[in-house]
Each structure stands twice: as C-alpha cells, then as structure tokens.
Amino acid sequence: MEEVEMLSIDATDPHQEYQKELLSFLNGASKDNSIIYEFNFDKQYCYCKITKYEIDGSHQILDKKTFSKPDEVLIEILEPFLKAFANQNNIVINNITPNKGNKSNLKIISEYNDMCNIINLNETDIIKLSELVEQEKKNHPKLPSNLNNNEKGLGNVIAFIISLIIVGIIILGMLVPDFVG
C-alpha cells in the first residue's frame with residue numbers, strides 16, 4: 001500500500017502569527033539578497049512560500065505554509081503584508097498578468113529585487129491589491145537611496161552656481177581683449 005503525503009494545514013489558521021513571521025522576513029531583506037514571497041491560490045487553499053536568493057545564485061526556502069481559508073488569507077495576511085512591503089521598499093514593478101478563466105497574477109518587485117508573486121487569484125481581488133500597492137506608494141514616496149532630506153536639491157543649486165561662474169568667465173574673457181587693445 002502506498003503512503004499518501006499529507007499537507008500540513010493549520011486548523012486554526014493563525015493569521016496574526018504568520019503576519020508577524022512575514023514581517024520578520026521583510027525586515028531581513030538586504031541589498032545582498034532577494035526574498036521572494038509567493039501566494040498561490042486555488043478554490044480551497046492558499047499556498048505560501050518564502051524563498052531567499054543570494055547574489056551567488058544559491059537559495060533557501062525560509063518558510064512554506066498552506067492555509068485552508070483563502071478568503072481570510074487575502075484579508076488578514078496578504079493585504080496588511082502588501083502595505084508593509086510597499087512602505088518598506090521602493091516598488092519598481094507592479095504588474096498584473098492574466099491567467100486561466102477570470103483569474104490573474106500580480107507581480108510586485110522592489111528596487112532591490114525583493115518580489116511578491118500572487119498567483120491564480122480572481123481578477124477583481126488582483127486589481128484591488130495592485131491599487132493598494134499604488135496607494136501606499138503615493139502615501140509614502142521614497143527619496144533616491146543616495147540622498148537624504150537635507151541633501152535634496154543641493155546638486156541643482158551647486159550646478160546653477162557653477163553655470164553662473166562659467167558664464168561670467170566667458171563674458172569677462174570676451175570683454176578683457178577690448179579693454180587691453
């Protein structure tokens with residue numbers, strides 16, 4: 001008789017605990033690695049997988065969970081996680097792609113290649129999640145990583161002053177031969 005592998009399904013779906021766990025992975029991201037968050041939905045389950053990729057190409061699965069109530073995962077885990085993901089990262093790609101039927105996929109990629117893939121969710125929910133990320137980007141705009149608030153615009157001021165000095169030297173250079181000769 002063959003053994004059947006049983007999926008580990010949490011009977012109580014401890015969403016708050018998993019939300020904290022996701023946030024801890026989010027805080028562990030750096031420029032030297034990429035963390036991929038994958039939420040794959042079907043009618044009865046949501047399969048969550050978090051994988052960490054290093055610069056050298058090696059990877060490690062940090063967590064794998066299966067939840068039995070996909071609607072609750074969407075509201076209690078995924079929406080708060082996406083808000084935190086958009087707040088802590090500079091989002092460069094927020095892309096919806098169609099899937100089979102009226103299902104779609106959402107790919108959200110940060111500046112440092114951390115990624116959140118939401119797979120096989122109905123189109124209405126995907127659009128809602130994509131708009132949630134866009135709204136968070138508008139509410140929390142990010143400055144370029146090499147500038148802080150005190151340096152904002154300093155380069156433009158310096159360039160303007162240098163331009164004035166160069167124009168002044170050129171004008172002075174054109175006037176000096178007239179005075180000498």
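With which residue does Lys-137 form a salt bridge? The partner is Glu-134, the closest N and O atoms being 3.7 Å apart, where a salt bridge is a side-chain nitrogen of Lys or Arg within 4 Å of a carboxyl oxygen of Asp or Glu. Being three residues apart in helix α3, Lys-137 and Glu-134 are separated by about one helical turn; helices (H or I, at least four residues) and strands (E, at least two) are DSSP runs, numbered from the N terminus.

This is a predicted model, in which local features need pLDDT of at least 70 and side-chain atom pairs count only at pLDDT 80 or more, while totals for chains, interfaces and linings use all residues. Residues are numbered from 1 along each chain as its sequence is written, and side-chain values use heavy atoms, with hydrogens and water left out.

The buried residues of α3, among them Ile-126, Leu-129 and Val-133, have under 20% relative accessible area, whereas exposed means over 50% and partly exposed lies in between (1.4 Å probe, protein chains only). The face of α3 turned away from its buried side carries the exposed residues Thr-124, Glu-131 and Lys-138. Cover for the buried residues of α3 includes α2 (70-88) and β4 (91-98), by contact, meaning heavy atoms within 4.5 Å.

Another salt bridge joins Lys-128 to Glu-79, with the closest N and O atoms 3.1 Å apart. This pair links distant parts of the chain, since Lys-128 is in helix α3 and Glu-79 in helix α2, 49 residues apart. Lys-128 is partly exposed at 46% relative accessible area, whereas Glu-79, at 17%, counts as buried.
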